[in-house]
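Trainee: Hi! Could you walk me through this one? I'd like to ask a few quick things as we go.

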Amino acid sequence: MPYSAAHKPKTRIRILNAATAQFKKHGFENVTIDQVMAAAGLTRGGFYAHFKNKEDLFVACVENGMSLLSSPVLAKLRKAEMRGHDWVTAFAELYLSRLHIENPDMGCALPTLSTEVSRSGDKARAAFSKLINQATEKLAWKLAKEDDVPGIDQHINIDSDKQVRNLPPEYEQESTTMLAMMVGAVVLSRAVDDQTADRILADTRDSILTSRGKIPAGETKQAG
């Protein structure tokens, strides 16, 4: 019986969803085509009807709107806002936590992918650059909204690919620095002993919250 016209697009989405989950959990280099297809419940032979190679697959995942933050993390951030907690503090405490470094599959894809995509081809690097730029832009938007900057978009889903408008350049600079600090802290914390990891996470978190005026200079804040 021949496949319907909708079969190939549905199969492609199935592969993309499986690949996105595998890339976020294991990184780029450690994921094989066989692993992706097994996770999708398909055979390896069907892969090449949709993608040339793993790099082509990764680019397609990004173009398909690859989510950097997992659903549980996004849910916690939304709940914090609904309860009146400021978003930046909630984000810093979630991101720079033991829970995040010990559960990469539940957290952000950037620390996992950053150490590996750099060794890949130009297309994968360009796709990853797009992810970084989108993340930086959305973080800048959240910082500007928290400061009640007039004229920016009323609402943007932090995990969407919608273009931000009227964003002051100083917020883009701040968000780039903040994102680099947080991603770097998680990468380092996953590579060292527990005591050193706790210090890296706490110092980075306190530095970010101090720069945002959440805690006075010279004081520290316990993780939530």
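Trainee: Where does UniProt place the feature "DNA-binding region"?

Mentor: Good place to start. The UniProt record, an unreviewed entry, puts that feature at residues 32-51. Keep in mind that what you have on screen is a predicted model.

Trainee: Okay! How much helix and strand is there over residues 32-51?

Mentor: That stretch is 35% helix and 0% strand. The C-alpha atoms at its ends are 13 Å apart.

Trainee: Switching topic: at what angle do α5 and α9 pack?

Mentor: Helix α5 covers residues 87-95 and helix α9 covers residues 169-189, and they pack at an angle of about 20 degrees. Their axes are 10 Å apart. Angles under 35 degrees count as roughly parallel, so α5 is roughly parallel to α9.

Trainee: Which residues make that contact?

Mentor: From α5 you have Phe91, Ala92 and Tyr95, and from α9 there are Met182, Val183 and Val186. By class, the contact of α5 with α9 has 6 nonpolar residues, with no polar and no charged ones.

Trainee: What is Ser175 in contact with?

Mentor: Leaving aside neighbours within four places in sequence, Ser175 is in contact with Thr136, Leu139, Ala140 and Leu143.

Trainee: How many residues of α7 are buried?

Mentor: Helix α7, residues 109-117, is mostly covered, with 7 of its 9 residues buried. Among them are Leu110, Leu113 and Val117, and Glu116 is buried too.

Trainee: Last topic, cysteines! How many disulfides does the structure hold?

Mentor: The structure holds 0 disulfides.

Trainee: Are Cys61 and Cys108 buried or exposed?

Mentor: Cys61 counts as buried, at 1% relative accessibility. Cys108 also counts as buried, at 4%. The cut-off for buried is under 20% relative accessible area.

How values were computed: Residues are numbered from 1 along each chain as its sequence is written. This is a predicted model: local features need pLDDT of at least 70, side-chain atom pairs count only at pLDDT 80 or more; totals for chains, interfaces and linings use all residues. Side-chain values use heavy atoms; hydrogens and water are left out. Axes are lines fitted to C-alpha atoms, for helices over the stretch in contact, and angles run from 0 to 180 degrees between N-to-C directions. Helices (H or I, at least four residues) and strands (E, at least two) are DSSP runs, numbered from the N terminus. Angles under 35 degrees count as roughly parallel, over 145 as roughly antiparallel, 65 to 115 as roughly perpendicular and the rest as oblique. Contact means heavy atoms within 4.5 Å. Ala, Val, Leu, Ile, Met, Phe, Trp, Tyr, Cys and Pro count as nonpolar, Asp, Glu, Lys and Arg as charged, and the others, Gly among them, as polar. A disulfide is a pair of cysteine sulfur atoms within 2.5 Å. Buried means under 20% relative accessible area, exposed over 50%, partly exposed in between (1.4 Å probe, protein chains only). UniProt positions are given in the numbering used here, feature names are shortened, and annotations may be inferred rather than shown by experiment.
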